[in-house]
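Subject: Structure for your review

Dear colleague,

I am passing on the structure we spoke about, with the sequence alongside. Please look it over first; my notes follow below.

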Amino acid sequence: MAGIYNLIPSDRGRPLADIVSQVDYTELQDDIRRVLNTLQPFERRVVRHDGSAHYLMRVLPYRATDNLVDGALVTFTDVTSMVQAEQQQRIMVDELNHRVRTC
């Protein structure tokens with residue numbers, strides 16, 4: 001999380017949406033509300049401001065031991081290597097298409 005959010009010890013217990021983020025993602029509160037209202041998980045890709053990392057962000061309803069929804073769980077999975085592989089594949093396909101057209 002420290003790579004996504006600039007956390008300091010006094011941030012413990014603060015709402016995640018109140019902490020300045022390193023990703024281009026301003027809809028966190030809206031997405032959490034959606035999950036709490038629908039009780040359906042939600043996911044989207046988010047990118048660091050500098051473009052150096054890509055994450056798959058998931059918001060899930062958090063169920064307490066009594067099975068009542070008691071908040072939301074937000075996870076970030078680093079998918080940077082997959083995004084880079086997709087970009088490389090697109091470049092190779094574009095190059096192949098270009099070569100096929102010129103022959």
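Leu 39 sits in the loop that runs between α1 (28-38) and β1 (42-47), and, as this is a predicted model, what I say about Leu 39 and about the other residues below should be read with that in mind. The residue comes after α1 and has a positive phi, near 60 degrees, although Leu 39 is not a glycine. Leu 39 counts as partly exposed because its relative accessibility is 35%, and together with Leu 36 and Val 69 it forms a nonpolar patch on the surface, the three having about 190 Å² of accessible area together. A positive phi is also found at Asn 67, about 70 degrees in this case and again at a residue that is not a glycine; Asn 67 is placed in the loop between β2 and β3.

Turning to α1 itself, the buried residues of this helix are Leu 28, Asp 31 and Val 35. When one looks down the axis of α1, these buried residues fall within an arc of 70 degrees, so they line one face of the helix. The elements against which the buried residues of α1 pack are β1, β2 (54-63) and β3 (69-78).

As a general point, an α-helix has 3.6 residues a turn, so residues three or four places apart point the same way. Both partners of this pair are partly exposed, since Arg 33 has a relative accessible area of 45% and Asp 30 has a relative accessibility of 46%.

A salt bridge also links the side chains of Arg 34 and Asp 31, at 3.6 Å from N to O, and this pair is likewise separated by about one helical turn, because Arg 34 and Asp 31 are 3 residues apart in helix α1. Here the accessibilities of the two partners fall into separate classes: Arg 34 is partly exposed, with a relative accessible area of 39%, whereas Asp 31 counts as buried, at 1% relative accessibility.

Arg 44 lies in strand β1 and Asp 31 in helix α1, so the pair ties together parts that are 13 residues apart in sequence. Arg 44 is partly exposed, its relative accessible area being 25%. Taken as a group, Glu 27, Asp 31, Arg 34 and Arg 44 are linked in a network of salt bridges.

Thr 80 belongs to helix α2 (residues 80-102) and counts as buried because its relative accessibility is 11%, the cut-off for buried being under 20%. A polar atom of the Thr 80 side chain lies 2.8 Å from the backbone nitrogen of His 54. If neighbours within four places in sequence are left aside, the residues in contact with Thr 80 are Ser 52, Ala 53 and His 54.

Ser 52, one of these contacts of Thr 80, is placed in the loop between β1 and β2 and, with a relative accessibility of 43%, counts as partly exposed. The side chain of Ser 52 makes a polar contact of 2.7 Å with the side chain of Asp 50 and a polar contact of 3.4 Å with the side chain of Arg 48. For a sense of the separation across the model, Ser 52 and Ile 91 are 39 residues apart in sequence and 19 Å apart in space, from C-alpha to C-alpha.

Methods. Residues are numbered from 1 along each chain as its sequence is written. This is a predicted model: local features need pLDDT of at least 70, side-chain atom pairs count only at pLDDT 80 or more; totals for chains, interfaces and linings use all residues. Side-chain values use heavy atoms; hydrogens and water are left out. Patches are made of residues with over 30% relative accessible area and no salt bridge: like charges are joined within 9 Å, nonpolar side chains (Val, Leu, Ile, Met, Phe, Trp, Tyr) within 5 Å. Accessible areas come from the Shrake-Rupley method with a 1.4 Å probe; for residues, only the protein chains shown count as cover. A salt bridge is a side-chain nitrogen of Lys or Arg within 4 Å of a carboxyl oxygen of Asp or Glu. Helices (H or I, at least four residues) and strands (E, at least two) are DSSP runs, numbered from the N terminus. Buried means under 20% relative accessible area, exposed over 50%, partly exposed in between (1.4 Å probe, protein chains only). A polar contact is a pair of N or O atoms within 3.5 Å; within protein, one must be able to donate a hydrogen and the other to accept it, and residues adjacent in sequence count only if both atoms are side-chain atoms. Contact means heavy atoms within 4.5 Å. The arc is that of the directions from the helix axis to the C-beta atoms.
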